[in-house]
Amino acid sequence: MDSAVACHPYVAVDLTHAGVIDAFGLGVLVRARNAARRREGELVLAGPSQFLQTVLRTVRLHTAFRTFNTVPQATTAVGGESPGTER
């Protein structure tokens, strides 16, 4: 994800196939979000499961990321067809 943010300050992360997340995964997302913001960009989440949304709320990160139901919605939100979409 670091390379995606380094190349493109606006990144959509495809979480449609991620059923769970741990502390390491949350750390990766937060670091990438912070890197995107330093570049005046944004990192958004596409298709997070109900479990992932609950985890984000529980650790109070639900306001740190904009989330979208689908990858197309997320890529549109960050400026169209984004080569920075990460899986």
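Modeller: What follows is a short exchange on the fold, the sheet and the overall dimensions of this predicted model.

Biologist: What pattern does the chain follow when read along the sequence?

Modeller: The chain holds four helices and three strands, and along the sequence they follow the pattern α-β-α-β-α-β-α.

Biologist: How do you know that strand β2 and strand β3 count as paired?

Modeller: Pairing requires at least two bridges between the strands, and two bridges join β2 (residues 42-46) to β3, so the pair meets the requirement. In β3, Phe68 is the bridge partner of Ala46. Helix α2 (residues 23-38) packs on the sheet, where it touches β1 and β2, and its direction makes about 140° with that of β2.

Biologist: Why is the sheet called open, and which strands stand at its edges?

Modeller: The three strands lie in the order β1-β2-β3 with parallel pairing. Because β1 (10-14) and β3 (67-68) each have a single partner strand, one side of each is left without a neighbour in the sheet.

Biologist: What makes the radius of gyration agree with that of a compact globule?

Modeller: A compact globule of 87 residues would have a radius of gyration near 12 Å, and the chain has 12 Å, so the two agree. Its C-alpha atoms fill a box of roughly 30 × 25 × 20 Å along the principal axes.

Biologist: How much of the chain counts as buried?

Modeller: With buried meaning under 20% relative accessible area, 37% of the 87 residues qualify. The chain exposes about 5200 Å², of which carbon and sulfur atoms supply 54%.

Technical notes
Residues are numbered from 1 along each chain as its sequence is written. This is a predicted model: local features need pLDDT of at least 70, side-chain atom pairs count only at pLDDT 80 or more; totals for chains, interfaces and linings use all residues. Side-chain values use heavy atoms; hydrogens and water are left out. Contact means heavy atoms within 4.5 Å. Axes are lines fitted to C-alpha atoms, for helices over the stretch in contact, and angles run from 0 to 180 degrees between N-to-C directions. The radius of gyration is taken over C-alpha atoms; the globule rule is 2.2 Å times the number of residues to the power 0.38. Buried means under 20% relative accessible area, exposed over 50%, partly exposed in between (1.4 Å probe, protein chains only). Accessible areas come from the Shrake-Rupley method with a 1.4 Å probe; for residues, only the protein chains shown count as cover.
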